[in-house]
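Subject: Structure handover

Hello,

Here is the structure I said I would pass on. Please open it alongside this message; my notes on it follow below.

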Amino acid sequence: MEKEEAELFVPRLVTTEENFASGHRACIGCGEALAVRHVCKALGKNVIIVNATGCIEIISSLLPQTSWCVPWIHTLFENVAAVVSGIESAYKARVRKGKITPAKEVKFVGFAGDGGTSDIGIQALSGAMERGHNFLYCCFDNEAYMNTGIQRSSSTPYGAWTTTAPVGKKSIGQMTWKKNMPEIAVAHKIPYVATACPSYPFDLMDKVKRGVEIEGPAYVHILSPCPTGWRCQPNLSIEIGRLAVETGVFPLYEVINGEYRLSIDLPELKPVKEYMKKQGRFRHLTEDVIEKIQARVEAEYLELKEKAGVK
Amino acid sequence: MKKVKIEGLEGSFAVAEAVRMANADVIAAYPITPQTHIVERLSEMVADGELDAEFICVESEHSAMSACVGASAAGARVFTCTAGQGLELMHEVLYIPSSMRLPVVAVIANRALSAPLSVWCDHSDVMAIRDIGWIQMFAENNQQAFDLTLCAYRVAEDKEVLFPAMVHLDGFYLSHVIEDMVLPDEEEVAGFIPEYEHPFVLDPDRPVSMGCYGPPFIYPETKKAQEVAFANTRPKIVETWKEFGDTFGRYYSPVEKYKMEDARIAMLTMGSCGETAMLAVDEMREEGEDVGLIRLRLWRPFPFKEFREAVKDVELLVVLDRAISFGMGGPVCSEVKSALYDQRKKPYIVGFIGGLGGRDIPIEGFKYMVSRALEKVKAIERGEEIEAEMIGIRE
């Protein structure tokens, strides 16, 4: 879309209102801040956001300033889903007891990074999903502990360099495969699970809206390119997010009440190398390792297609 | 005083009854001995519709306190309870409501810490959370557990306070013991605990950001503000207890004295063993010893003024700790010593450690402490160094 066209059509497709104000302290080209901005547009005003410790929290809430135009609370790193549980229960009880009469139904949303979700926060999240609270949980996955300086998490992909999975004579960097957090959410039999990426903003916003409207727990896993940690040019965030999807490294899909649906059907996957070569964190990988990753990505994509009933 | 009911209740049920009468909105708890009877009773109350609350059966104590924080920030009256290991798992979260001024109320059935595993009472769990910025009070019997839980809501939610409050009752000694107790009229309780209204709640009509990030240019100011506000809760706590007494006929104070009028020697205890200590004082008095007893009702904020006043004419203070600070002795004894250090006139202070992991301290135990303390004073006068002695240990 040309700039003039975008100026004409985009405001008709999405609100120009910002609930995550600019002026925050994110790095140049931050895919996560962009994703948060899109998510907040989709959520609107009638929401309470609980944020884990991490990049988004520190860039948005430096006392005495705040980027949040909606009610927002941060307490700790690993307890987002538990705090959301408490807020949702408080509203339930107080509405039932006639202590408050909110004009509209308030939405409860948790934000956390990949560390706060798939590592330290997984217990609280599993508990909240199992108990069936009515909330949406957004995991902003930038594939390492970026806020503390690019340490590996269980969400870091195989072969990626991080400061705690360094490349050395006896190491290719991350030696384990990325934990499949969306599948863990699906295993809880919650009504809504989706993957998304800010490179596909309308798809992302649609999924957030669906997740927040559905009754019960919803989980949206958002791949958030991080130029600082992925060692790439800041102007490539969007392109790299697209390549993650187009190569099958991060497929976009939804699972609604257990039914898989591919958001973008890719008859041909681009080679993973196209995605990896733009990022310094994969620079050291040899052809045989890249082949190994290629094979795994293809197998997982086939598996997903089968679940979605796509031939 | 209006209608009252006398009923034999277990300490845990007494606490649950107080939470029901306080009409809590959200309860989040995880089972742990010896606190389980409290959550079981509350679950029954919610299941039977006796209490209109959301009961969140969380997957850990860390999440229990986190859910309480969220619920309190959303304007609900909340409750949780735990013990021992559970309190330690909660530890990280305990600083949040006190720093964010959320009036969470918690009851702790005090329990020893592993290893070895012990589900029985001592105060190791309390001593590990001394500095969390919560109001902390100690109950001595079931009536007090009930009364102090009501007072905890009243004082915590006071707009001039807005700090979380914790009531300690000794695991098994109180949590599992049935005692006769007076249950007040429910309407009177409702009058004593007004509707909770926090000035700032998570509300889309009035958005606020809570729990922001504090770099060095602002963090110390937030902590100074917290400490000043916390110190200012002391008169409010005293005032609340006075009002509770005027309404229900039972009066409490930060430092409670027993036979202290002419006492030369004072013992100091916290929690349920105060009742045994009183019996020991009676016997020693009959034997001609000028002994009295001080029970610390308020543990945080520490009642410096009342405590110094209580011991001002005492020659010897015998402190019992139900916990060890390894390499340091008894934590209560250390605090008491520091509270008196800059006083011109102060007693000899001799500390003992006992009652660990549910080991009983009989009347003889208290009498032994007093006679041993008198020997130790002589040793101090000879210039010898003394250390905290562990009592009731098989050698």
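A residue is called buried here if 20 or more other C-beta atoms lie within 10 Å of its own, exposed if 12 or fewer, and partly exposed in between. B:Leu162 has 19 other C-beta atoms within 10 Å, so it counts as partly exposed. Please keep in mind throughout that this is a predicted model.

Domains of chain B

Chain B is split into domain 1, residues 5-248, and domain 2, residues 255-390. Between the C-alpha centres of these two domains there are 28 Å. Contacts between them involve 27 residues of domain 1 and 21 residues of domain 2. On the domain 1 side, two or more residues each come from helix H5 (124-127), S6, strand S7 (165-170), H8 and H9 of chain B. S6(B) gives the most to that side, with four residues. By type, the domain 1 side is made up of 14 nonpolar, eight polar and five charged residues.

The contact between the chains

In the contact between the two chains, 38 residues of chain B meet 41 residues of chain A. The elements of chain B that each supply at least two residues to its side are strand S2 (26-29), strand S3 (54-57), helix H3 (61-73), helix H4 (84-99) and strand S9 (209-210). H3(B) has the largest share of that side, with nine residues. The chain B side divides into 23 nonpolar, nine polar and six charged residues.

The nonpolar core

The largest nonpolar core holds 220 residues, and the members that touch the most others are A:Ile87, B:Val26, B:Met267 and B:Val318. Both domain 1 and domain 2 of chain B give at least three residues to this core. What does B:Met267 contact, leaving aside its neighbours within four places in sequence? The list is B:Ala277, B:Val291, B:Leu293, B:Val318, B:Leu320, B:Phe366, B:Met369 and B:Val370.

Helix H9 of chain B runs over residues 233-248. From its first C-alpha to its last, H9(B) reaches 22 Å, close to the 22 Å expected for its 16 residues at 1.5 Å a residue. Its buried residues are B:Thr233, B:Ile237, B:Thr240, B:Trp241, B:Phe244 and B:Phe248. These cover an arc of only 95° around the axis, so they sit on the same side of H9(B). The face turned away from that buried side carries the exposed residues B:Pro235 and B:Asp246. The cover over the buried residues of H9(B) includes strand S6 (135-138), helix H6 (142-156), helix H7 (186-192), helix H8 (219-231) and strand S13 (298-300) of chain B. After H9(B) comes B:Gly249, with a positive phi near 85°.

Helix H2 of chain A, residues 31-43, has 13 residues and spans 18 Å between its first and last C-alpha, close to the 18 Å expected. Is H2(A) enclosed or open? Since 13 of its 13 residues are buried, H2(A) is largely enclosed by the rest of the structure. The residue after H2(A) is A:Gly44, whose phi is positive, near 75°.

Loops of chain B

B:Ala22 is in the loop between helix H1 (11-21) and S2 of chain B. It has 23 C-beta neighbours inside 10 Å and therefore counts as buried. Not counting residues up to four places away in sequence, B:Ala22 touches B:Arg77, B:Leu150, B:Tyr153 and B:Ile193. B:Ala22 and B:Thr149 are separated by 127 residues in sequence, and their C-alpha atoms are 8.9 Å apart.

The remaining points concern the backbone. Most residues other than glycine have a negative phi, and most peptide bonds are trans. The bond joining B:Thr33 and B:Pro34 is cis, with omega about 0°, and B:Pro34 is placed in the loop between S2 and helix H2 (36-47) of chain B. Another cis peptide bond runs from B:Ser114 to B:Ala115, with omega near 0°; B:Ala115 lies in the loop between strand S5 (105-110) and H5 of chain B.

B:Arg101 has a positive phi, near 60°, and belongs to the loop between H4 and S5 of chain B. It counts as buried because 22 C-beta neighbours lie inside 10 Å.

Regards

How values were computed. Residues are numbered from 1 along each chain as its sequence is written. Chains are lettered from A and ligands numbered from 1 in the order in which they are written. This is a predicted model: local features need pLDDT of at least 70, side-chain atom pairs count only at pLDDT 80 or more; totals for chains, interfaces and linings use all residues. A nonpolar core is a set of buried Ala, Val, Leu, Ile, Met, Phe, Trp, Tyr and Cys residues joined through C-beta atoms within 7 Å. Domain bounds come from an automatic or database domain assignment. Two residues are in contact if their C-beta atoms, placed from the backbone, lie within 7 Å. The expected span of a helix is 1.5 Å times one less than its number of residues. The arc is that of the directions from the helix axis to the C-beta atoms. Ala, Val, Leu, Ile, Met, Phe, Trp, Tyr, Cys and Pro count as nonpolar, Asp, Glu, Lys and Arg as charged, and the others, Gly among them, as polar.
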